[in-house]
Amino acid sequence: MAKFKKSSGTSQEIPTAALPDIIFMLLFFFMVTTVLRETTIMVEQKLPKSTQLSKLERKSLVSYVYIGKPKRTAIYGTTPKIQVNDVFIEVKDVVRFVNQEKDKLSEVERDQITMSMKVDVDAKMGIVTDVQQEFKEANARKVLYSSSKRVD
């Protein structure tokens, strides 16, 4: 009977020359596909409940306006504020904000922009009406009111 011989002096190693390339390709893939949060919300958000909701088709055409009491009341006070992106604005600045958001879009998509208002449930209706009037002046006719699902 023949015996199996161990090969002496040779070792079976796994080639690792391509391993750094693979790691960097995976790292690059995850860096490209990850979406980071763009806006830090600085107002309190307790959204009203709703019974009928519909999902947005193209989120790239939506610009968000947050209205509510500031979280840092020692600095900003307790009156409701309007937040766009990462800054507070006044009602008179809403038209400029809408025009800046329209300028980011292509010529064809400018009329399809949707303004999403996330308004705190305790905010007064006066500031919401003022913002709506500014939307009309800026020709932003599609307004979306964000809410959370009603839990029955």
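**Entry 1: the model.** I am working from a predicted model.

**Entry 2: strand S5.** I started with S5, residues 114-119. Five of its six residues are buried, so I noted the strand as mostly covered. Next I looked up its partners. S2, residues 62-68, pairs with S5 in the parallel sense over six bridges. In that pairing I found Tyr 64 opposite Ser 116 of S5. S6, residues 142-145, also runs parallel to S5, and four bridges join the two. Here Thr 114 stands opposite Lys 142 of S6. I then traced the chain from S5 to S6. The chain passes through helix H4, residues 125-137, and this β-α-β crossover is right-handed.

**Entry 3: the core.** I looked up the largest nonpolar core and found 22 residues in it. Val 65, Ile 67, Val 98, Met 115 and Phe 135 have the most contacts inside this core. Which elements supply at least two residues each? I listed S2, strand S3 (81-84), helix H3 (94-103), S5 and H4. I then checked Phe 135 on its own. Leaving out residues up to four places away in sequence, Phe 135 touches Val 65, Val 94, Val 98, Met 115, Met 117, Ala 140 and Val 143.

**Entry 4: helix H3.** Which residues of H3 are buried? I found Val 94, Val 95, Phe 97, Val 98, Glu 101 and Lys 102. Why do I place them on the same side of H3? They cover an arc of only 160° around the axis. The face turned away from this buried side carries Arg 96 and Asp 103, both exposed. I also looked at what covers the buried residues of H3. The cover includes S2, S3, strand S4 (87-89), S5 and H4.

**Entry 5: aromatic pairs.** I counted three aromatic pairs. One of them is Phe 29 with Phe 30, which is edge-to-face. Their centres are 5.3 Å apart, with 70° between the planes.

Are the two residues buried or partly exposed? Tyr 64 is partly exposed, because its relative accessible area is 28%. Tyr 66 is buried, because its relative accessible area is 7% and the cut-off for buried is under 20%.

Notes
Residues numbered from 1 in each chain as written. Predicted model: local features only at pLDDT ≥ 70, side-chain atom pairs only at ≥ 80, totals over all residues. Heavy atoms only, no water. Buried < 20%, exposed > 50% of the residue type's maximum accessible area, 1.4 Å probe, protein only. Pairing = 2+ DSSP bridges. Right-handed = clockwise from strand over helix to strand, strands pointing away. Phe/Tyr/Trp six-rings, centres within 6.5 Å; stacked < 30°, edge-to-face > 60°. Core = buried A, V, L, I, M, F, W, Y, C linked by side-chain atoms within 4.5 Å. Contact = heavy atoms within 4.5 Å. Arc of directions from axis to C-beta.
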